Structures are given as C-alpha cells and as structure tokens.
Amino acid sequence: MSHLVAKLSKSVDFIGAFDPKIRTFDIIMKTANGSSYNSYVVRGSEGVAVMDTVKKEFSDEFFLRLESVCKYEEIKYIVLHHLEPDHSGALEELMKRAPKAKLIISGRAVMMLKGIIKSDVAFETANTGKKISLGDKTIEFLSTPFLHWPDTMSSYLHEEKILFSGDVFGSHYYDERLFDDEVGDFSYAFKYYYEHIMRPFKQYVLQALNLYSRFEIKTIAPLHGPILRTNPQYYIDKYEAWSSEDKFRKSTFGKKMFSVFYMSSYDNTHKMAEVIMEGADTVEGIVASMYDLASLDEKNMIDLLEESDAVIVGSPTINGDAVKPAWDLLSCMAYLESQGKIGASFGSYGWTGEAPEMLHDRMRWLKFRLPVQPIKIKLIPTEEELNDCFAFGKEIAEITMGKMVEMEI
Ligand code: FEO
C-alpha cells in the first residue's frame with residue numbers, strides 16, 4: 001500500500017483505503033477501475049474529528065494512515081455519514097482505540113447501528129443545522145436521506161468550505177492521485193455511480209442540492225473515488241441536470257406513457273402485445289408503445305421503465321418460467337422508484353402457462369400497482385381472445401389516466 005496521506009486543506013487529511021481489485025460492488029455494480037473507501041481527519045484547536053471509516057478488510061490501511069496524522073486521545077468525534085459496511089467496517093475497532101470520542105450518526109442510522117455493532121455504544125444524533133466544534137473549526141450537519149441509504153447525511157466544514165457529501169458525488173474509481181485534477185478520466189464512473197446509486201432517489205438528490213446551495217463549496221469530499229476540488233459546481237450541475245431531466249419527457253405535455261414489453265417464441269405473445277397496445281392507444285392522454293425485449297439492452301430498459309407510467313410485461317412460458325429478458329427487465333427496477341407505476345402481465349403458452357402469474361407476483365413485490373389479473377392465452381389467440389387483449393389494454397390505460405378501481409397495492 002501507498003502510505004500517502006493526502007491533504008485536502010490545512011486541517012483536513014485523507015485517511016481512507018484503496019481497493020484497486022474490486023470488480024463488483026454491492027452485487028449489482030461493475031467496478032472496472034476498482035474503488036476507494038474515503039475517510040478524512042479534520043483537525044481543530046480543540047481536537048480531531050474522524051469522518052467515516054472503511055470496509056473492514058481495509059482497516060489496517062486506515063489505522064496506519066490515521067495514526068500518521070493524529071493520536072487516538074485527540075479524537076473528539078467520530079462522524080459516520082452513512083453506516084453501510086464499506087464505511088463502518090472499522091468503527092468498532094476505532095471506538096475501542098478512541099474510547100473518549102463521541103460518535104455522531106443521523107437519527108435514521110440508530111437502528112442500523114444496532115445491527116452493525118452488536119453491543120450498546122454511546123452516540124449522538126445529528127440533523128440539519130446541528131453543529132459540532134473542534135475549537136477553531138465548526139462542522140455543520142445536513143440531512144440527505146436515501147443517498148444512498150435512508151441514514152445518509154452530509155456535513156460542511158465552515159472554515160475550509162469542504163462538503164463531506166457521503167455517497168453523493170462518489171465514483172467507484174481507484175486512483176491514488178486522488179484529486180479530480182490529477183486522476184485519470186473518471187467521468188464514466190461518476191455517471192455510472194449516479195445512475196446506479198442515486199437515480200432511484202432523484203427527488204432526494206434535488207433536496208440535497210438545495211441544502212448544499214446554502215454554502216460556498218470549495219471542495220467536495222465524497223466517500224468513494226476522486227475528491228472534487230477543481231470546480232465543485234460542475235459536479236453539482238451534473239447532478240442537478242440528471243435529476244431533473246424527466247421534465248423534458250412525455251409528462252411535460254400531460255401525456256402518460258404506456259409501455260408494453262414482450263418476448264415471443266411463435267409470434268403469439270407478440271400478437272397479444274400489439275392488440276394490448278392498440279387498446280391502450282384509444283384512451284385519451286395515453287401514448288402507447290411496445291418493445292421487443294430480445295433487442296433491448298439494460299440501459300434502454302432502465303430509461304424506458306423510468307419514463308413509463310404503466311409497465312405491461314409479456315412472456316411465453318418456457319419450462320415453467322418466464323423468459324430471462326422479462327426477469328432482466330424487472331431486475332432493472334433496482335435502479336428506479338416503482339411507487340405509483342401501474343403494472344400488468346400477459347403471455348401465450350403451450351403447456352402450463354405460469355409466466356404471467358409469476359411476473360405479476362414479482363411486480364407485486366416491486367410495489368407496482370396491479371389493477372387487473374394477468375391474461376394468458378393457450379397458443380394462437382382467437383379473434384375473441386384478441387378482443388379480450390384489446391379490452392385489457394384499454395382498461396389498464398383508463399386506470400393509468402385516473403379511472404378509480406380497487407388495486408392489489
Ligand atoms: Fe459507499 Fe452506500 O456505501
């Protein structure tokens with residue numbers, strides 16, 4: 001390991017750890033360039049605050065860096081902006097080594113703390129506006145929940161205009177040169193991180209940006225990847241734009257988007273999809289579209305799902321299951337907010353026909369609103385069955401436009 005202790009300013013040092021070999025983060029994220037678990041020390045005239053720790057396996061590296069800039073007796077506060085194990089892994093050991101330090105967490109982190117440290121420890125909670133003093137240094141807290149867990153908060157070091165942003169503005173991008181003006185091109189990692197971690201919580205991102213705008217920010221110190229000191233406003237503007245871009249979509253024109261996603265083995269599920277779409281398209285205010293899952297990549301799936309007010313998924317049943325692209329589509333909801341979206345499923349089948357029910361169940365767990373039961377047709381749809389599909393699409397579209405019915409959720 002490099003023993004680098006990078007200085008962010010006169011009184012702030014980086015003491016985090018580097019993980020160059022990690023290639024998958026939180027199971028769902030690809031990390032081609034590795035990552036870092038950033039933590040920092042803030043030194044004031046009356047003590048030191050440690051801002052976050054690291055993943056447990058990287059504790060030795062963290063403590064080596066920490067010991068090179070301060071003594072344990074000097075630590076007055078340990079601030080945990082977010083309790084996910086990649087940042088709280090060395091907390092228990094740090095609290096043993098610095099028993100006089102006061103632990104500061106957000107109010108929402110209290111229950112999580114009990115899950116991470118199995119014994120009782122003393123702590124204080126912080127919400128927006130709370131300040132702590134290190135003598136000549138003041139740290140003010142900001143509640144920025146859901147970015148990326150409900151417990152996340154940020155803080156601002158007044159005297160040096162540093163924003164400790166938690167996971168916000170992070171990148172999974174290992175580069176020991178650390179500062180945005182010195183590392184390689186991490187723009188793809190910055191955007192990928194936003195899309196996979198922050199995107200489901202756009203409204204919370206905008207709220208956080210609003211809080212940050214109260215302060216002049218000279219440096220952004222996130223929990224992963226490069227420290228942003230060249231032009232912090234550039235990164236803030238990116239987040240602002242990405243979190244606001246849906247205002248340019250169909251909803252701008254008062255339309256609701258009704259999307260039929262399907263796959264078909266013998267054209268039967270395809271025929272159903274077409275007629276469901278036609279039924280929906282007769283409803284005023286609806287823009288109905290259909291997409292063959294065989295040719296949609298993940299990025300397009302996420303974009304279309306995000307924009308859709310109604311998500312209708314069709315799959316044949318093969319070996320007692322829906323086809324993989326249908327499951328892949330629904331797994332993209334991990335990156336999105338499903339609350340309020342209408343869902344439904346359909347499919348043609350040869351033997352057993354479980355797929356539409358299975359997709360329906362999955363959508364229930366994903367918190368879609370499910371106003372109608374799945375529709376399934378044995379092999380080639382008859383004229384009458386296609387009429388049912390038309391009515392199915394029309395009914396769901398009317399509900400999407402506000403028609404009142406009882407729903408499962
Ligand atoms: Fe970097 Fe959500 O932890």
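User: What share of the contacts in the protein chain joins residues 24 or more positions apart?

Analyst: Among contacts with a separation of 6 or more, residues 24 or more positions apart account for 71%. A contact means heavy atoms within 4.5 Å. This is a predicted model, in which local features need pLDDT of at least 70 and side-chain atom pairs count only at pLDDT 80 or more, while totals for chains, interfaces and linings use all residues. Residues are numbered from 1 along each chain as its sequence is written, and side-chain values use heavy atoms, with hydrogens and water left out.

User: How many helices and strands does the protein chain have, and how much of the chain is buried?

Analyst: The protein chain has 12 helices and 21 strands. These are DSSP runs numbered from the N terminus: H or I of at least four residues for helices, E of at least two for strands. Of the 409 residues, 55% are buried. Buried means under 20% relative accessible area, exposed means over 50%, and partly exposed lies in between (1.4 Å probe, protein chains only).

User: Why is L94 called buried?

Analyst: The relative accessible area of L94 is 0%. The limit for buried is under 20%, so L94 is buried. L94 lies in helix α3 (residues 91-97). Leaving aside residues up to four places away in sequence, L94 touches V50, T53, F62, F63, L66, Y72, I75 and I78. T53 is 41 residues from L94 along the chain, and their C-alpha atoms are separated by 8.4 Å.

User: Why is E337 called partly exposed?

Analyst: E337 has a relative accessible area of 40%. That value lies between 20% and 50%, so E337 is partly exposed. E337 is found in the loop between α10 (324-331) and β20 (342-349).

User: How do you know that the span of helix α7 is close to the expected value?

Analyst: Helix α7 (residues 232-244) has 13 residues. The buried residues of α7 are P232, Y235, I236, Y239, W242, S243 and S244. They pack against α5 (187-198), α6 (202-212) and β16 (219-222).

User: How many aromatic pairs are there, and what makes the pair of F190 and Y239 tilted?

Analyst: The structure holds 23 aromatic pairs. The ring centres of F190 and Y239 are 5.5 Å apart and their planes stand at 45°, so the pair is tilted. Rings of Phe, Tyr and Trp (its six-membered ring) pair if their centres lie within 6.5 Å; planes under 30 degrees apart count as stacked, over 60 as edge-to-face, and the rest as tilted. F190 lies in helix α5 and Y239 in helix α7, so the pair ties together parts 49 residues apart in sequence. Both F190 and Y239 are buried.

User: What makes the pair of Y194 and W242 tilted?

Analyst: The planes of Y194 and W242 are at 50°, with 5.2 Å from centre to centre, and the pair is tilted. Y194 in helix α5 and W242 in helix α7 are 48 residues apart, and the pair links distant parts of the chain. The relative accessible area is 2% for Y194, which is buried, and 11% for W242, which is also buried. One aromatic cluster includes F190, Y194, Y239 and W242.

How values were computed: Expected span 1.5 Å × (residues − 1).
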